[in-house]
Amino acid sequence: MATEQDRSAVPSPLAMLLAWLVPGLGHWALGERIRGVVFFVVINATFWGGVAIGGVRTTVTSRENGAWIAAQLCAGPQTLAALYLSQKQDRLAQAAGRQVVKAPWPSSSIAVVYSGVAGLLNLLVILNALVLAESAAEAAAKRSAGRREASG
Amino acid sequence: MTPHLLAALFIDWIPITGVGRLGMLLPLALSVSIVYRTIRCERLAAIPLASLVLWVTIVGGMMLIGVILLAIFHLLA
């Protein structure tokens with residue numbers, strides 16, 4: 001892990017926002033490039049793996065999966081894209097006058113758990129980006145205080 | 001991969017039956033292990049082995065809980 005001195009100075013809110021926008025981007029911006037790539041690959045693969053198992057209509061829906069949508073939204077705007085695609089499927093089915101085809105159990109449950117867990121993992125990553133950004137800011141403040149003491 | 005095939009991948013669902021239901025635990029536990037260990041490990045080189053150990057621990061623990069619950073179910077039946 002890079003030391004506090006090595007990390008880029010990124011404000012904590014920006015680090016958290018970047019980590020939510022694209023999983024791993026917060027760590028990338030903080031200088032933890034390899035960790036950022038690992039988070040990006042693993043969280044996206046888990047989220048879209050879930051969507052592939054259950055189909056977007058069954059997996060990402062704001063009405064039928066209870067609080068799982070909150071967990072899924074932690075995975076970033078890609079959840080909003082999936083939600084848009086899901087609602088588009090509804091509209092297409094209504095326009096064609098046919099029933100929406102939903103995945104049966106267990107595919108439906110496995111899909112929702114996969115995408116929800118991906119979101120919760122990204123929540124951990126967002127909190128870790130916050131901790132790293134805060135520790136880097138503290139180290140920078142100490143360095144500047146030390147320089148002021150040395151020059152004064 | 002054509003856009004049509006890619007769209008079908010995320011619109012159609014995949015049937016999962018038999019041992020595949022249990023097998024779906026493995027990649028999910030692997031994702032959790034990798035992310036957790038990537039956060040916790042100081043050294044990048046330690047991540048693969050630590051993730052593997054955690055993955056085996058999670059899967060083994062879940063299997064053990066499953067066996068215990070199955071035994072209790074048979075005892076009560």
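**Figure 1. The largest nonpolar core of this predicted model has 50 residues.** Those with the most contacts inside the core are Ala15(A), Ala19(A), Leu30(A), Ile43(A), Val51(A), Ala129(A) and Val35(B). At least two residues each are supplied by helix 1 (12-21), helix 2 (25-29), helix 3, helix 5 (68-73) and helix 7 of chain A, and by helix 3 of chain B. Helix 7 of chain A gives the most to this core, namely 14 residues.

**Figure 2. Surroundings of Ile43(A), one of the residues with the most contacts inside the largest nonpolar core.** Neighbours within four places in sequence are left aside; Ile43(A) is then in contact with Pro23(A), Ala75(A), Ala118(A), Leu121(A) and Asn122(A), as well as with Val35(B) of the other chain.

**Figure 3. Helix 7 (residues 107-151) of chain A beside helix 3 (residues 25-40) of chain B.** The two axes come within 11 Å and cross at roughly 0°. Angles under 35 degrees count as roughly parallel, and the two helices are therefore roughly parallel to each other. Helix 7 of chain A makes the contact with Tyr114(A), Val117(A), Leu121(A), Leu124(A), Val125(A) and Asn128(A), and helix 3 of chain B with Leu28(B), Ser31(B), Val32(B), Val35(B) and Ile39(B). Nine of the residues in this contact are nonpolar, two are polar and none is charged.

**Figure 4. The side of chain A that touches chain B.** Here 27 residues of chain A are in contact with 20 residues of chain B. Helix 3 (33-54), helix 4 (56-59) and helix 7 of chain A each supply at least two residues of this side. The largest share, twelve residues, comes from helix 3 of chain A. By class, this side of chain A has 18 nonpolar residues, eight polar and one charged.

Terms used
Residues are numbered from 1 along each chain as its sequence is written. Chains are lettered from A and ligands numbered from 1 in the order in which they are written. This is a predicted model: local features need pLDDT of at least 70, side-chain atom pairs count only at pLDDT 80 or more; totals for chains, interfaces and linings use all residues. Axes are lines fitted to C-alpha atoms, for helices over the stretch in contact, and angles run from 0 to 180 degrees between N-to-C directions. Helices (H or I, at least four residues) and strands (E, at least two) are DSSP runs, numbered from the N terminus. Angles under 35 degrees count as roughly parallel, over 145 as roughly antiparallel, 65 to 115 as roughly perpendicular and the rest as oblique. Two residues are in contact if their C-beta atoms, placed from the backbone, lie within 7 Å. Ala, Val, Leu, Ile, Met, Phe, Trp, Tyr, Cys and Pro count as nonpolar, Asp, Glu, Lys and Arg as charged, and the others, Gly among them, as polar. A nonpolar core is a set of buried Ala, Val, Leu, Ile, Met, Phe, Trp, Tyr and Cys residues joined through C-beta atoms within 7 Å. A residue is buried if 20 or more other C-beta atoms lie within 10 Å of its own, exposed if 12 or fewer, and partly exposed in between; C-beta atoms are placed from the backbone.
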